[in-house]
Amino acid sequence: MSHNKSSLTPAAVENLRRRSAADSENSVDPEQHPQFPRRQWQTDLLCVGPQHPDLGAAETPSPAASAHQFCHYTPKCFLTVHRGGLGTSQSTPSRYGEEVWDEGTTKTTIRAENEVEAHREANNYKFGFRKWKGNVTEKPIEDRSDIIKELHSDLSIVKPQEGSVATFGNILYVILFGWWISLIYLLICPVMFLTIVGAPYGKLCLMMAWYFIWPFGKSIEKADDVKRSTAKPPKFEVIPEDSEDSREKDTAPLLMSSPIPVVIPVPEPPARRTLRHWCRISTYVWLLLGYPVLTVVHSLACLLSWLPVFTIPVAKMNARALTIVLLMEPEDIQIHRLEKTFGCETRVLLCCYHAFNAYYYKYTVQGINIFALNLLPLVFITLIIGYTDREHHLCSAETKFATAITSIIPLSYYIGMGIASISAQSNFAVGAVVNATFGSISEMTFYITALLHGHNAGTKCYEEIVKAALTGTLLGCILFVPGICMVIGGIKHREQRFNSRSAGVSSALLFISVGGVFAPTLFSKAFSNLVCESCTNIPGNGSVPFVCKNCHYNTSQAVPQLILSHIEPLVYTISVLLPAAYLIGLIFTLKTHSHIYDIHISDGQGGHAHGVKYAHEGTGIYHPTAAHHVVHWSRWRALGVLIAATILMACCADLSTQNIEPILTHSYISQYFIGVTVLAMVPELPEIVNGIQFALQNNISLSLEVGSCIAVQVCMIQIPLLVLFNAFYDVGFVLVFSDIHLWASIFSVILVNYIFMDGKCDYFQGTALVVVYLILLSLYFFAPPPPSC
């Protein structure tokens with residue numbers, strides 16, 4: 001917007017140009033500073049005017065044009081990751097964290113909006129930290145994409161619309177919602193006319209029935225707004241510049257914010273309206289006869305359309321009609337059809353174009369994903385029914401088990417978001433403690449409750465289920481998670497590359513983990529006795545072979561002294577060595593050999609990295625001074641969420657173990673299969689989604705680290721913790737696995753290390769991992785039940 005006071009004289013323009021040139025000469029020269037190469041210097045320039053960088057390549061404006069243009073620099077944080085190799089990097093910083101490779105060097109540049117987000121991104125590249133894709137701070141809606149803006153719209157803006165509104169989703173709306181909502185309005189209409197004083201509301205019901213049968217391409221407007229659109233334009237208030245501002249303007253750089261006068265539209269104050277609407281008898285007749293019924297109708301429509309997520313526009317439309325439109329004077333409400341030639345944006349009471357939006361899986365409420373939010377009521381319903389209906393009068397045990405397992409999914413999400421929030425707002429030590437404490441809490445609560453339930457019931461079947469779940473988590477995280485990420489990422493990006501050296505660290509730890517976890521199993525195979533059942537032969541006839549079935553190594557009954565004198569000390573020794581190896585891996589990747597990741601965080605202002613060391617050597621962070629951010633969860637709130645989610649997780653795990661017995665005893669599916677699929681992978685669903693999102697953004701390194709991190713934590717943290725728990729409270733847990741777990745795990749680790757050797761992947765390699773995983777699942781599906789089950 002231009003104004004005659006905002007123009008600059010030629011002398012002032014020349015003065016500003018000289019000042020800007022002098023400031024640029026006094027700045028840091030990237031070629032002379034060895035720490036900040038020129039190619040890393042990026043500038044995020046926001047311009048209000050025709051030279052906005054998002055609208056295309058911007059040319060250098062002339063001095064006259066610059067005088068009518070308001071430009072400012074917004075501080076941004078860029079996370080730059082150099083990995084492996086010593087070659088010269090020729091990569092260009094990427095907005096979405098894409099990895100660019102050249103001559104053995106990978107460079108990942110990820111823009112973070114503020115310091116907290118920069119911490120979160122840096123934590124994703126640290127060994128032992130839980131990977132989290134979502135933001136932990138509130139991002140201004142004006143900085144988001146058009147898709148996200150559309151998701152958070154309140155359906156009050158009329159926009160230019162292209163295409164027809166006769167879509168499949170809109171037709172489905174008529175079948176599922178439109179007809180019965182309109183029918184209710186038509187039934188209330190004669191009731192309001194019969195009251196005589198409520199006749200205006202009867203007309204309103206007719207209009208609303210016509211609107212809700214097909215609301216698309218229509219708008220509900222207020223009569224005063226329609227009249228006001230033809231009135232005179234609003235007044236403007238001009239902010240004058242004083243003498244001091246005028247002097248400062250002459251010394252400010254040309255492209256920086258200068259105190260030039262800005263013309264701000266000031267709307268006229270609304271006319272004072274009387275409260276005659278609430279003094280009419282018809283209003284109270286409406287609130288007594290019509291509005292309560294419509295409250296139930298619209299509330300039900302909101303609930304039914306909110307839960308499927310993708311039909312949330314229908315929920316917004318019903319909520320806005322209930323809380324705004326139906327509480328206004330009926331004479332003030334008008335419904336109009338929108339013209340296709342409508343070319344500007346205006347604000348109305350209600351306007352909806354589509355009942356279905358496939359992008360609503362990205363919708364968040366206070367930073368919480370909509371699916372995790374919608375599943376939260378299921379947690380409380382499951383706990384209430386599970387602990388009050390002990391005799392299974394309301395629902396069966398199988399239904400309670402299914403709801404309890406499903407309830408673990410949103411709780412795992414809240415635990416992950418809480419860990420990411422605390423880690424991003426804290427130093428490295430606090431983040432490491434939180435990740436080590438709560439990182440495995442989802443799985444540990446189920447394992448411990450299952451072992452306790454099996455110990456109280458006097459059966460070893462639950463111990464076998466826990467071992468199957470441990471193995472299933474290991475197999476899923478080293479086969480399925482990287483495999484599905486390679487497939488989805490490879491389809492979009494053809495070929496993806498990752499840091500083979502950092503992947504080699506994870507592979508080495510996987511070898512150590514598998515070797516340590518299954519060492520007692522190999523020991524028992526070598527030194528315990530083979531026990532067979534159902535042996536048959538014919539006495540006195542040596543020609544008939546001696547036939548035995550169900551042969552296995554039984555260390556719990558055949559040779560009990562073997563466990564007490566040999567296997568238990570071996571298990572305790574391994575339980576000390578595995579966490580020690582995990583600690584050594586932390587020191588190696590975060591301290592002594594941090595150059596493997598070499599994380600740098602810089603700002604977007606010409607690359608000036610005024611950062612400090614962060615977390616470990618090779619990591620710098622810039623603290624933007626002008627950037628303001630609002631975190632979704634403070635540290636104390638995140639800690640409270642972690643504690644509450646952990647308690648609820650323990651309750652859901654307890655209900656699942658209580659109600660799993662009918663499935664184990666009467667199901668035709670092998671108990672092994674239930675353990676390696678449902679019990680193992682359901683708690684990891686949020687992690688799988690994070691890995692897929694990283695792969696879609698061409699950041700396959702983090703996708704692979706998601707699975708490797710979980711697999712290493714299972715072997716080096718969770719299993720030693722189970723051994724420690726068993727040492728203090730003996731539940732009969734012996735770290736000896738069956739043969740199917742042993743060979744499946746060893747084969748999977750060898751295969752995934754072979755895939756990771758060359759540092760690049762595509763959808764074919766991902767397909768190979770997924771197919772092998774499905775083959776192993778088929779093996780578990782057709783396997784006979786464990787001897788103890």
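Which residues does G490 touch, not counting residues up to four places away in sequence? Here are some notes on this predicted model, starting with that glycine.

1. **G490 and its neighbours.** G490 touches C485, Q496 and Y763, once residues up to four places away in sequence are set aside. G490 is found in helix α15, which covers residues 461-493. With a relative accessible area of 3%, G490 is buried. It is also worth looking across to Q765: G490 and Q765 are 275 residues apart in sequence, yet their C-alpha atoms are 9.3 Å apart in space.

2. **The chain as a whole.** Stepping back, the protein chain has 25 helices and 23 strands. Of its 789 residues, 48% are buried. Take the contacts between residues at least 6 apart in sequence: 79% of them join residues at least 24 apart. The accessible surface of the chain comes to about 38100 Å², and carbon and sulfur atoms account for 63% of that surface.

3. **Cysteines.** You will find zero disulfides in the structure. C485, one of the residues that G490 touches, is in no disulfide, and the nearest cysteine sulfur, that of C761, is 9.5 Å away. C485 is buried, because its relative accessibility is 0% and the cut-off for buried is under 20%. For comparison, a disulfide calls for sulfur atoms within 2.5 Å. C715 counts as buried too, at 2% relative accessibility.

4. The structure holds 14 salt bridges. In one of them, the side chains of E329 and R280 meet with an N to O distance of 3.6 Å. This pair links distant parts of the chain, 49 residues apart: E329 sits in the loop between α10 (312-323) and β11 (333-337), while R280 sits in the loop between β10 (263-265) and α9 (281-306). E329 counts as buried, at 7% relative accessibility. Another bridge joins D389 to K400, with the closest N and O atoms 3.6 Å apart. Here D389 is in the loop between α11 (370-388) and α12 (397-424), and K400 is in helix α12, 11 residues apart. D389 is buried, with a relative accessible area of 6%, and K400 is buried as well, with 4%.

5. K525 forms a salt bridge with D739, the closest N and O atoms being 2.7 Å apart. K525 belongs to helix α17 (residues 519-527) and D739 to helix α24 (residues 739-755), so this pair links parts of the chain that are 214 residues apart. D739 counts as partly exposed, at 35% relative accessibility.

6. **A nonpolar patch on the surface.** Do have a look at F168, I171, L172, I175 and L176, which form a nonpolar patch on the surface. Together these residues have about 520 Å² of accessible area. F168 lies in helix α5, which covers residues 168-194. Is F168 buried or exposed? At 68% relative accessibility, F168 counts as exposed, because the cut-off for that class is over 50%.

7. **Helix α16.** The length of this helix checks out. At 1.5 Å a residue, the 18 residues of α16 (residues 500-517) should span 26 Å, and the end C-alpha atoms are 25 Å apart, which agrees. The buried residues of α16 are S502, A503, V505, S506, S507, L509, L510, S513, V514, G516 and V517.

8. **Two positive phi values.** Most residues other than glycine have a negative phi. I196 has a phi near 65°, a positive value in a residue other than glycine. I196 lies in the loop between α5 and α6 (199-213), and I196 is exposed, with a relative accessible area of 67%. Where is Q366 placed? Q366 is in the loop between β14 (364-365) and β15 (368-369). The phi of Q366 is near 55°, again a positive value in a residue other than glycine.

Methods:
Residues are numbered from 1 along each chain as its sequence is written. This is a predicted model: local features need pLDDT of at least 70, side-chain atom pairs count only at pLDDT 80 or more; totals for chains, interfaces and linings use all residues. Side-chain values use heavy atoms; hydrogens and water are left out. Buried means under 20% relative accessible area, exposed over 50%, partly exposed in between (1.4 Å probe, protein chains only). Patches are made of residues with over 30% relative accessible area and no salt bridge: like charges are joined within 9 Å, nonpolar side chains (Val, Leu, Ile, Met, Phe, Trp, Tyr) within 5 Å. Accessible areas come from the Shrake-Rupley method with a 1.4 Å probe; for residues, only the protein chains shown count as cover. A salt bridge is a side-chain nitrogen of Lys or Arg within 4 Å of a carboxyl oxygen of Asp or Glu. Helices (H or I, at least four residues) and strands (E, at least two) are DSSP runs, numbered from the N terminus. The expected span of a helix is 1.5 Å times one less than its number of residues. Contact means heavy atoms within 4.5 Å.
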